[in-house]
Amino acid sequence: MNPPLTHPPPQRAGADADRGPERALAPRPPVLVFGCGRDHHGDDQIGLRIAEALSRRPPPDTHVALSRAPGADLLLDLEGVGLLVVIDAAESVAELPVGSWTRIVYAGRAVGGRRRRAGMGRRAAVARARRRAAMNPHTLNVNCALELGRRLGLLPPTVWVYVVAGQNFELSDACTPAVLEDVEPIVASIRHDIVAWLAKYGSPPCTS
Amino acid sequence: MRNVTIDVKHVTRVEGHGNIAVRVRDGEITSLQLQIVESPRFFESFMRGRPCAEAPHIACRICGICSVGHTTAAVKAVEAACGIVPSEQTVKLRKLLFYGEQIQSHVLHVLFLAVPDYLGAGSVIPLAGSHPETVKTALRLKRLANDLCAAVGGRHIHPIAAHVGGFTHVPRAGELIELKQRLVAARTDLAAVAALYAKLPIPDFERDTEYVALKVPGNGEYAFYDGDIVSTRDPRPTPVRDYRTRVIEEVVQHSAAKHCRSPNAPSYAVGALARFNNNHAQLHPAAAKLAADLGLSAPCRNPFHNNTAQLVEIVHCVECAVEMIDALLVRGMKLEALEKPTRFGQGAGAAEVPRGVLFHEYGVDSQGRIESANLIIPTGQNLANIEEDMRAYVPSMLDAGLSREEMTLRLEMLVRAYDPCISCATHLLDVEWIE
């Protein structure tokens, strides 16, 4: 059984009353999915492929987006979002071998034991994410952007990061077969999780 | 007399990999290097044989920060080689795109990379905790600049609509009107940034330096897109096609990027401060006022004030972008056919990209294919000057009795003040095979 998720109430954290000259954003559904990665860098594209597959039959009230150059300014898109789902590839490590995947609840809790293929210790997963959260901001990666968003109070109350372990991140159009096999199971899992989240916290979209 | 060894591997908050290595024995510098350990990129080699129209789209991949700059320099060089004269609309759109990139890059550098040093934060991540409104302001400004680039160039980096001979897409009037409104509103954010910046303790260090930049003849505009080569030591204009008379490249052992010197000095500086020192009279009045408010006046020989000049240029570019949008809306925009080559030959192009003047030169064969390429990157031009600055700065820090840790931080700040893009700067190396 999947451990029960303990979500805070679906209200947007850190809403800033004075948003200055920022572009007025269209109302967004409560769930935003970002598939991250690079197309021609082998397994790094898996986040994009999973998001594409999810977008062909998206869960209700869910907007699916692809991010080939995730930047911190994406944080400005999170107004009104109650659940942010990020899908990204990571280099495999002993705790998370090639083809395995896990879901991290950003802000300290790693969950998803039932669907993990290999056991990545929760502490290890979170520590790894945090270690990588202070890299060169010239090219802010997903971890940096999330950490920046957390500190700025821009993140929605719930953030899930689906991490898929790959092994080939060199220039290549092909994914490792074991990684590619993950697409359908992860899509099904994400859809299941989002539907469950919506059933619990549901529409209409949260407001700040 | 002191013995100090400083080894910084790698300098953070710069693009690419570089090390600072300093040895001081008995108070004397025995070794000082800014080591560039980034792998060479080989762009000049693998562009050979490609159709010349592809040059901008290949060259822009050199950098994700200044991709518009590489696109622009490449477009201008190929157009010079092919006898193409772009239309008035094309030039206006290129300049507008250029303003977007300058704003984006300068905001990133000043607020994300440089300011954390002055506010005691290790990076923008802790800065978000201590100064959240500043970081949110930076995000808004950067987003605005990215959207401006996307509207004109087709996407926010690696512009896809900017081609040799023109654009394959023009922004809609509604897009430009919305962007103009946001640019006007951004003045409030910029005023807040300026107020913060005015309080920063900029180190007091000066060194007599030659500053090289493009300059538009007469009372023309502040040079980003056009101009001849001038310097603070030799203000006589040199056409871009003769850039090799002003820029002399040399291979040094400890750097995967070539160093540059001028005919006048063993090193020189390019970038925002160089542009300011050569072109301050052409600044938009709002930018000139900010420069005065911040105490920036030409000639300024303090490299740390490159960040100040970048902030001044952000204001300049915001104001010029507003005016350019007005000009485009008044004249109206339409999709124009790309201008065709009238000849093939040799051509050089230059643009003042965020980190300084960028040169591209291509030789194009009778089939319209690139047969030679030479790219001279701003960071490469600055490397020797950064070393000279460090060489002058270390003794003053020793005299002031700074700790090794403080000296290390100051040297890192000095390097960062130049906003180096090391990945861009490493290009072709001569490789000698010994059997």
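Are B:Tyr99 and B:Phe224 buried or exposed? B:Tyr99 is buried, and B:Phe224 is buried as well. The views below come from a predicted model.

**View 1. An edge-to-face pair of B:Tyr99 and B:Phe224.** Over all chains, the structure holds nine aromatic pairs. In the pair shown here, the ring centres of B:Tyr99 and B:Phe224 are 6.4 Å apart and the ring planes stand at 80°, so the pair counts as edge-to-face. The pair links distant parts of chain B, as its two residues are 125 residues apart. B:Tyr99 belongs to helix α4 (residues 88-118), while B:Phe224 lies in the loop between β6 (212-215) and β7 (228-231).

**View 2. B:Phe224 paired with B:Tyr222.** This aromatic pair is also edge-to-face, with 5.3 Å from centre to centre and 65° between the planes. B:Tyr222 has a relative accessible area of 3%. Buried means under 20%, so B:Tyr222 is buried. B:Phe224 has a relative accessible area of 3% and is therefore buried too.

**View 3. The aromatic cluster of chain B.** Four residues make up one aromatic cluster: B:Phe98, B:Tyr99, B:Tyr222 and B:Phe224.

**View 4. A charge over a ring in chain A.** The charged end of A:Arg103 is placed over the ring of A:Trp160. From the centre of that ring, the charged end is 4.3 Å away.

**View 5. A charge over a ring in chain B.** Here the ring belongs to B:Tyr225, and the charged end of B:Lys76 sits over it. The distance from the charged end to the ring centre is 4.4 Å.

Notes. Residues are numbered from 1 along each chain as its sequence is written. Chains are lettered from A and ligands numbered from 1 in the order in which they are written. This is a predicted model: local features need pLDDT of at least 70, side-chain atom pairs count only at pLDDT 80 or more; totals for chains, interfaces and linings use all residues. Side-chain values use heavy atoms; hydrogens and water are left out. Rings of Phe, Tyr and Trp (its six-membered ring) pair if their centres lie within 6.5 Å; planes under 30 degrees apart count as stacked, over 60 as edge-to-face and the rest as tilted. Helices (H or I, at least four residues) and strands (E, at least two) are DSSP runs, numbered from the N terminus. Buried means under 20% relative accessible area, exposed over 50%, partly exposed in between (1.4 Å probe, protein chains only). A charge sits over a ring if NZ of Lys or CZ of Arg is within 6 Å of the ring centre and within 35 degrees of the ring normal.
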